[in-house]
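Subject: Structure handover and what was found in it

Dear colleague,

I am passing on the structure that we talked about, and below it you will find my notes on what a search of it turned up. Please read them with the structure open beside you.

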Amino acid sequence: MTLLEELNSLGVNTAEGLSRVMDDSDLYDMMLGMFLDSVQSNPIAPEEFAGDLEPVITKVHALKGVAGNLSLTPVFNGYNKTLELLRSGEAETAKREFESLLPAQEAIICCIKKHKGL
């Protein structure tokens, strides 16, 4: 199975993601690597959902944007809902939503790493 086929099987809309980069598969592939870098450079710990929410809102917003640009639909939807809940002051519910998106994100990350040989 190719990278795109496997991503599609995980709920990623690769056709939409590719259309955003004018069907340049090399650019899309490079941006998938940027998604990995973004997740690693913006780690979010569950305890961040307590106290000052601005830092976690910033991180969630950034990851939502990267996921949206690539049409990583399951991850984008989870980050979008998490962000809405955070902005509404529903930190505990946002934390649960965030935790529920992590398995989909991990599956996508593992897929990308496997196909990139990482």
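A search of the whole structure finds five salt bridges, a salt bridge being a side-chain nitrogen of Lys or Arg within 4 Å of a carboxyl oxygen of Asp or Glu. Please keep in mind that this is a predicted model, in which local features need pLDDT of at least 70 and side-chain atom pairs count only at pLDDT 80 or more, while totals for chains, interfaces and linings use all residues. Residues are numbered from 1 along each chain as its sequence is written, and side-chain values use heavy atoms, with hydrogens and water left out.

One of the salt bridges joins Glu16 to Arg20, with 3.6 Å between the closest N and O atoms. Both residues belong to helix α2 (residues 14–20), where they are four residues apart, about one turn of the helix; helices here are DSSP runs of H or I with at least four residues, numbered from the N terminus. Glu16 counts as partly exposed because its relative accessibility is 34%, given that buried means under 20% relative accessible area, exposed over 50%, and partly exposed in between (1.4 Å probe, protein chains only).

Another salt bridge brings together the side chains of Lys116 and Asp29, at 3.0 Å from N to O. Lys116 lies in helix α6 (residues 91–116) and Asp29 in helix α3 (residues 25–41), so this pair ties together parts that are 87 residues apart in sequence. Lys116 is partly exposed, with a relative accessible area of 29%, and Asp29 is partly exposed at 29% relative accessibility.

Glu48 and Lys59 also meet through their side chains in a salt bridge, again 3.0 Å from N to O. This pair links distant parts of the chain, eleven residues apart, with Glu48 in the loop between α3 and α4 (54–69) and Lys59 in helix α4.

Turning to helix α5 (residues 73–87), its 15 residues reach 21 Å from the first C-alpha to the last, close to the 21 Å expected at 1.5 Å a residue, where the expected span is 1.5 Å times one less than the number of residues. In α5, the residues Val75, Gly78, Tyr79, Thr82, Leu83, Leu85 and Leu86 are buried. They cover an arc of only 165° around the axis, which puts them on the same side of α5, the arc being that of the directions from the helix axis to the C-beta atoms. After α5 comes Gly89, whose phi is positive, near 80°.

How values were computed: Helix = DSSP H or I, 4+ residues; strand = E, 2+ residues; numbered from the N terminus.
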